[in-house]
Amino acid sequence: MTNPPRILVVAGEASGDTHASELVAALRARRPDLTFFGMGGARLASQGVELLFDAREVSVMGITEVLPRIPRILQILKGLAEAAADRKPDVAILVDIPDFNLRLAKKLKALGVPVAYYVSPMIWAWRRGRVRTIKRLVDRMLCILPFEEAFYREAGVSARYVGSPVVEQMPAPDTAAAFRERLGLAKDAPTLALLPGSRMSEIRRLLPDMVEAAKRLASERPGLQVVVPVAPTIDRTEVTSRFEGSGVTPILVEGRAPEVVGASDAAVVASGTAVLEAGLMQRPLVVVYRVSRITYWVGRLMLKVAFVSLINLLAGRKVVPELLQDDMSPERIAEEVRRVWIPGAPREEMLQGLAEMRGRLGETGAAARAAESVLELLPPGRV
């Protein structure tokens, strides 16, 4: 009797774990006999994927943050390659984390394992030379942004736009009051959402200035609710400790970041996938980010696009403000939030831009389309 097809799945941070788990669910719906192993988080584990390593061990960002973790990261890379050599998967699904996954793809290629890459590295924004590496190592690039497919095809990479999985992960549109009731918040209180990220380095670098901005805004808006969704990768005390002495008592919510944004009058969001999620909730927001100076300057030298947030990139213009590095200060954050807090031209213009951006992402069903593409890579006789 032939063993069922075996798939290696490797995902990194929280968003990758979510996207990967939905893809696994879509694959299981089509082929209940498939088995999965690899690296990920709680969501992949809930889909029955055998996790050899925890994604949190490689979820670091920035040159100075990565350096101390390199030995362990290399150890995990070696462990996954050895598991692939031993178990001989029929196909591998690599999700995001390009610095790690492209190195793993090289090892998988040497083993003859077909590679599907889900959530393209943003090489169109920086490090465009990587497209040659991808052409050599990746059998199918599954793109989640509409302009990526043409970029890859022009470079000779087999690519398919499957749609953005973020679109269907969002709760149905509703009023701020309805979202507040759902989260147990005061329905009529002014509400500010703070999304400081899912990495400890982001909490350290971003949250203190967010708290100071919230303190300024709270003094102007009696009864202000400051709500913080806490990622599963972050201990709650890491959040609460940064509010001590500020006079602001945050309301912490386990995950549910999109709902927190939906409950808000305005949000302050760390640059990354959370920005796209927040934008899809159709609430005014301010994008912030800060990394070490060396990481920032290296990044600026390599960046080939005018914006860092996906909202502005998809819109092709500045829809939301981006406060980066030294521009990210409590004063500037509070100033930008004030500008869009109340009804008026700035708020309406931003909401219109967010609606246009949503329209460019297309329909739901990304995981289902990605699953069909992955199954096409199964070797003959294993389909």
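# Sheet, helices and loops

Trainee: How many of the 6 residues of β2 are buried?
Mentor: This is a predicted model, in which local features need pLDDT of at least 70 and side-chain atom pairs count only at pLDDT 80 or more, while totals for chains, interfaces and linings use all residues. Residues are numbered from 1 along each chain as its sequence is written, and side-chain values use heavy atoms, with hydrogens and water left out. Buried means under 20% relative accessible area, exposed over 50% and partly exposed in between, with a 1.4 Å probe and protein chains only, while helices (H or I, at least four residues) and strands (E, at least two) are DSSP runs numbered from the N terminus. Strand β2 is largely enclosed by the rest of the structure, because its buried residues number 5.

Trainee: Which strands stand at the edges of the sheet?
Mentor: The 7 strands form an open sheet with parallel pairing in the order β3-β2-β1-β4-β5-β6-β7, where two strands pair if DSSP finds at least two bridges between them. A strand with a single partner is left without a neighbour on one side, so the edges belong to β3 (50–54) and β7 (159–161).

Trainee: Which residue in β2 stands opposite Leu-8?
Mentor: Strands β1 and β2 are joined in the parallel sense over 5 bridges. Within this pair, the residue of β2 that faces Leu-8 is Phe-37.

Trainee: At about what angle to β1 does helix α1 run?
Mentor: Axes are lines fitted to C-alpha atoms, for helices over the stretch in contact, and angles run from 0 to 180 degrees between N-to-C directions. Helix α1 (residues 14–30) lies across β1 (6–11), β2 (35–40), β4 (91–95) and β5, and its angle to β1 is about 160°.

Trainee: Within what arc do the buried residues of α6 fall?
Mentor: In α6 (residues 130–137), the residues Arg-130, Val-131, Ile-134 and Leu-137 are buried. They line one face of the helix, because the directions from the axis to their C-beta atoms fall within an arc of 135°.

Trainee: What is the handedness of the crossing of α5 and α6?
Mentor: The axes of the two helices come within 10 Å and cross at roughly 35°. Contact (heavy atoms within 4.5 Å) involves residues including Leu-102 and Ala-105 of α5 and Ile-134 and Leu-137 of α6. A crossing counts as left-handed if the near helix is turned anticlockwise from the far one by less than a right angle, and right-handed if clockwise; here α5 and α6 cross in a way that is left-handed.

Trainee: Which residues does Ala-368 touch, not counting those up to four places away in sequence?
Mentor: Ala-368 lies in helix α18 (residues 366–375) and is partly exposed, with a relative accessible area of 27%. Beyond its sequence neighbours, Ala-368 touches Ala-26 and Arg-30.

Trainee: Is Val-119 buried or exposed?
Mentor: Val-119 sits in the loop between β5 and α6, and its phi is near 75°, a positive value in a residue other than glycine. Its relative accessible area is 9%, so Val-119 is buried.

Trainee: What is the relative accessible area of Arg-256?
Mentor: Arg-256 is placed in the loop between β10 (251–254) and α12 (257–262), with a positive phi of about 55° although it is not a glycine. Arg-256 is partly exposed, at a relative accessible area of 38%.
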